[in-house]
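Subject: Handover of a structure and notes on it

Dear colleague,

Please find below the structure that I am handing over to you. My notes on it follow directly after.

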Amino acid sequence: MSKILVCDDDKEIVEAIYIYLTQEGYTVRKAYDGEEALKILKEEEIDLLIIDVMMPRLDGIRATLKIREENNIPIIILSAKSEDADKILGLNVGADDYVTKPFNPLELVARVKSQMRRYTQLGSTRMDEGKAVYSTGGLSINDDLKEVTVDGEPVKLTPIEYNILLFLVKNQGKVFSIDQIYEKIWNEDAIGVDNTVAVHIRHIREKIEINPKEPRYLKVVWGVGYKVEKL
């Protein structure tokens, strides 16, 4: 079963999350600050990280930045702050999801399951003719290998970024609204999700475009949504 690392300086919260996740069959490792989490990630194969923002020694934001330098596992950030700016900051540093304290443990479990599905399956739908390679111009996605390349150079994407790009490339030329993208990728109703989708779109552009401000592949259709250009 998948192994999840839970990191929070509040031991009662860690223990509560541990109980709920182990009841679902997950193996759970515990950490109480960012440095301890980084050490465990280097020593063990972890499939998903749940990490608090405010912690001693190394906070969740800086820890996530370090993790994203070499690891694309799903990351769910926990924080007592609910302002949009804090959510955007978490997403900006590479988190895949954001849960505000206090939270319903069952909701957190549902989000963990959702992230794990995306991470393990990563868009398993294939083209009708059975091919698993999708291309436009110099952008190519091999969905069997879960690899993205631009002009032959590999591109590292998070699971959310990968699924957004795969969805748009498989439907290249077609425009999708922010709500449509969110509902397709997150499998949830889209309520006030503009910033969440926009942050991930910007990250994808920064990774696949030579000039993100003048994108060749991932384009905005003002007032409508986003599309991947058919080249």
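Helix H3 (residues 60-67) lies across strands E3 and E4, running at about 150° to E3. Some conventions are needed to read this and what follows. The model is predicted, so local features need pLDDT of at least 70 and side-chain atom pairs count only at pLDDT 80 or more, while totals for chains, interfaces and linings use all residues. Residues are numbered from 1 along each chain as its sequence is written, and side-chain values use heavy atoms, with hydrogens and water left out. Helices (H or I, at least four residues) and strands (E, at least two) are DSSP runs, numbered from the N terminus. Axes are lines fitted to C-alpha atoms, for helices over the stretch in contact, and angles run from 0 to 180 degrees between N-to-C directions. Contact means heavy atoms within 4.5 Å.

The parallel sheet

E3 and E4 belong to an open sheet of five strands with the order E2-E1-E3-E4-E5 and parallel pairing; two strands pair if DSSP finds at least two bridges between them. Strand E2 (27-31) and strand E5 (97-100) are the edge strands, each pairing on one side only. From one strand to the next, the twist averages 20°. Strand E1 (residues 3-7) runs parallel to E2, and five bridges join the two. Within this pair, Lys-3 has Thr-27 of E2 as its bridge partner. Helix H2 (residues 34-43) lies across E1, E2 and strand E3 (48-52), and runs at about 140° to E2.

The loop that holds Ala-80

Between strand E4 (75-79) and helix H4 (84-92) is a loop in which Ala-80 is found. Is Ala-80 buried or exposed? Ala-80 has a relative accessible area of 59% and is therefore exposed; the cut-offs are under 20% for buried and over 50% for exposed, with partly exposed in between (1.4 Å probe, protein chains only). Leaving aside residues up to four places away in sequence, Ala-80 touches Thr-100 and Lys-101. The C-alpha atoms of Ala-80 and Phe-103 are separated by 9.4 Å, and these residues are 23 residues apart along the chain.

The antiparallel sheet

Another open sheet has four strands in the order E6-E7-E8-E9, with antiparallel pairing. Its edge strands, each pairing on one side only, are strand E6 (133-136) and strand E9 (153-155). The twist from one strand to the next averages 25°. Helix H6 (residues 159-170) packs on this sheet and touches E6, E7 and E8, with its direction at about 110° to that of E7.

E6 and E7 run antiparallel and are joined by four bridges, with Ile-141 in E7 as the bridge partner of Tyr-134. These two strands form a hairpin with two residues between them, and Gly-137 in the turn has a positive phi of about 60°. Strand E7 (residues 139-142) also pairs with strand E8 (residues 147-150), in the antiparallel sense and over four bridges. The bridge partners in E8 include Thr-149 for Ser-140 and Val-148 for Ile-141. The hairpin of E7 and E8 has four residues between the strands, and Lys-146 there takes a positive phi near 55°.

The axes of H6 and helix H8 (residues 194-208) come within 10 Å and cross at roughly 80°. H6 and H8 are therefore roughly perpendicular to each other, a term for angles of 65 to 115 degrees; under 35 counts as roughly parallel, over 145 as roughly antiparallel and the rest as oblique. Among the residues that meet are Ile-160, Ile-164 and Leu-168 in H6, and Ile-201, Ile-204 and Ile-208 in H8.

In helix H7 (residues 178-186), the buried residues are Ile-178, Ile-181, Tyr-182, Ile-185 and Trp-186. Seen down the axis of H7, these fall within an arc of 95°, so they line one face of the helix; the arc is that of the directions from the helix axis to the C-beta atoms. Just after H7, Asn-187 takes a positive phi of about 55°.

The axes of H7 and H8 also come within 10 Å, crossing at roughly 80°. H7 is therefore roughly perpendicular to H8. Their contact is made by Ile-178, Ile-181, Tyr-182 and Trp-186 of H7 with Asp-194, Thr-196, Val-197 and His-200 of H8.

Yours sincerely
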